[in-house]
Amino acid sequence: MNIQLALDRLSIEEALSIADRVEPYIDWIEVGTSLIKEFGMESVRLLKEAFPHIMIVADCKTFDNAVYEFELCFSAGADVATVLGTAPAVSIEACMETAKKHGKQVMVDLLNASEEQIQMCSQFEEAILCSHVSKDEQEMRGQKGRLHIPSFSNRLAMAGGISIDSFCEIKKHSPYVAIIGSSITKADDPALAAKTFYEMAKQQKEKACE
Ligand SMILES: O=C(CO)[C@H](O)[C@H](O)COP(=O)(O)O
């Protein structure tokens with residue numbers, strides 16, 4: 001399991017500083033949608049420049065203009081870019097092709113996708129499929145559990161409000177990537193929080209999940 005640090009609602013300086021503090025305990029860094037919207041592709045470029053050896057995920061949440069947006073992300077240094085699973089199939093196909101051309105990866109965010117749309121997304125065998133509880137569902141509806149977890153993906157990602165308390169539940173699904181934002185970035189001690197997730201993910205704290 002890879003731990004993906006999601007950097008959202010931060011300045012670029014704060015994002016760089018947190019990533020630097022938690023670097024030993026994370027596998028991938030996500031440049032969150034909020035950073036991309038506020039600071040543009042410069043946020044992706046600066047994170048990749050600071051952490052050239054770490055997988056950088058540009059959470060652009062593409063819905064249309066797939067080739068253009070994915071080209072922007074990969075030119076800025078992203079290793080993975082995201083597309084919404086609710087986007088038209090032609091757009092997801094274009095993301096897959098653009099990623100293949102650059103030797104990069106696609107994460108399909110299944111936020112608000114229907115069973116039918118999830119089935120459609122599962123045809124993209126090279127894609128990482130992300131089961132995601134949105135920020136608004138968490139904060140405005142108090143939703144914690146996920147409605148749809150694709151059982152057929154061998155590259156499953158899980159995101160949205162993952163905490164140290166809920167991490168054992170996440171582990172049961174053996175995701176390829178566990179995406180964690182606020183539980184690290186808003187922790188009093190981000191390095192300690194990231195270390196705890198990392199150790200649990202790498203099974204050094206298996207007993208904690210029994
Ligand atoms: O994509 C996102 C928001 O749309 C976040 O990356 C994802 O939700 C993880 O952040 P958190 O752990 O704070 O929920």
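User: Which of the 17 residues around the ligand come nearest?

Analyst: First, a caveat: this is a predicted model. In it, the ones that come nearest, out of 17 residues around the ligand, are Ala6, Ala159, Gly160, Gly181 and Ser182. As for the elements giving two or more residues to that shell, they are β8 (177-180) and α9 (182-185).

User: And how do the residues of that shell divide into nonpolar, polar and charged?

Analyst: The shell around the ligand has 8 polar residues, 5 nonpolar and 4 charged.

User: OK, on to helices. How are two packed helices described?

Analyst: You give the angle between their axes plus the distance between the axes. Take helix α1 (residues 12-22) and helix α10 (residues 190-201) here: their axes are 8 Å apart, and the packing angle is about 50°. Because of that angle, α1 counts as oblique to α10.

User: What is the handedness of the crossing of α1 and α10, and which residues make the contact?

Analyst: The crossing of α1 and α10 is right-handed. On the α1 side, the contact is made by Ile18, Arg21 and Val22, while α10 brings Pro190, Ala191 and Ala194. Sorted by type, the residues of this contact are 5 nonpolar and 1 charged, with no polar ones.

User: Let me try the pair α4 and α5. At what angle do their axes cross?

Analyst: Helix α4 (residues 66-75) and helix α5 (residues 89-102) cross at roughly 35°, and their axes come within 8 Å. This crossing of α4 and α5 is right-handed.

User: Which residues of α4 and α5 meet?

Analyst: From α4 you have Ala66, Val67, Phe70, Glu71 and Phe74, and they meet Ser91, Ala94, Cys95, Thr98, Ala99 and His102 in α5. The residues of the contact of α4 with α5 divide into 7 nonpolar, 3 polar and 1 charged.

User: Now a single residue. Is Ala157 buried or exposed?

Analyst: For burial, you count the other C-beta atoms within 10 Å, and 20 or more makes a residue buried. Ala157 has 26 of them within 10 Å, so Ala157 is buried. You'll find Ala157 in strand β7 (residues 156-159).

User: What is Ala157 in contact with, leaving aside its neighbours within four places in sequence?

Analyst: Quite a list: Met107, Ile128, Leu129, Cys130, Pro175, Tyr176, Val177 and Ile179.

Methods
Residues numbered from 1 in each chain as written. Predicted model: local features only at pLDDT ≥ 70, side-chain atom pairs only at ≥ 80, totals over all residues. Near = placed C-beta within 6 Å. Helix = DSSP H or I, 4+ residues; strand = E, 2+ residues; numbered from the N terminus. Nonpolar A, V, L, I, M, F, W, Y, C, P; charged D, E, K, R; others polar. Axes fitted to C-alpha atoms, helices over the stretch in contact; angles between N-to-C directions. Parallel < 35°, antiparallel > 145°, perpendicular 65-115°, else oblique. Left-handed = near helix turned anticlockwise from the far one by under 90°. Contact = placed C-beta atoms within 7 Å. Buried ≥ 20, exposed ≤ 12 C-beta atoms within 10 Å, placed from the backbone.
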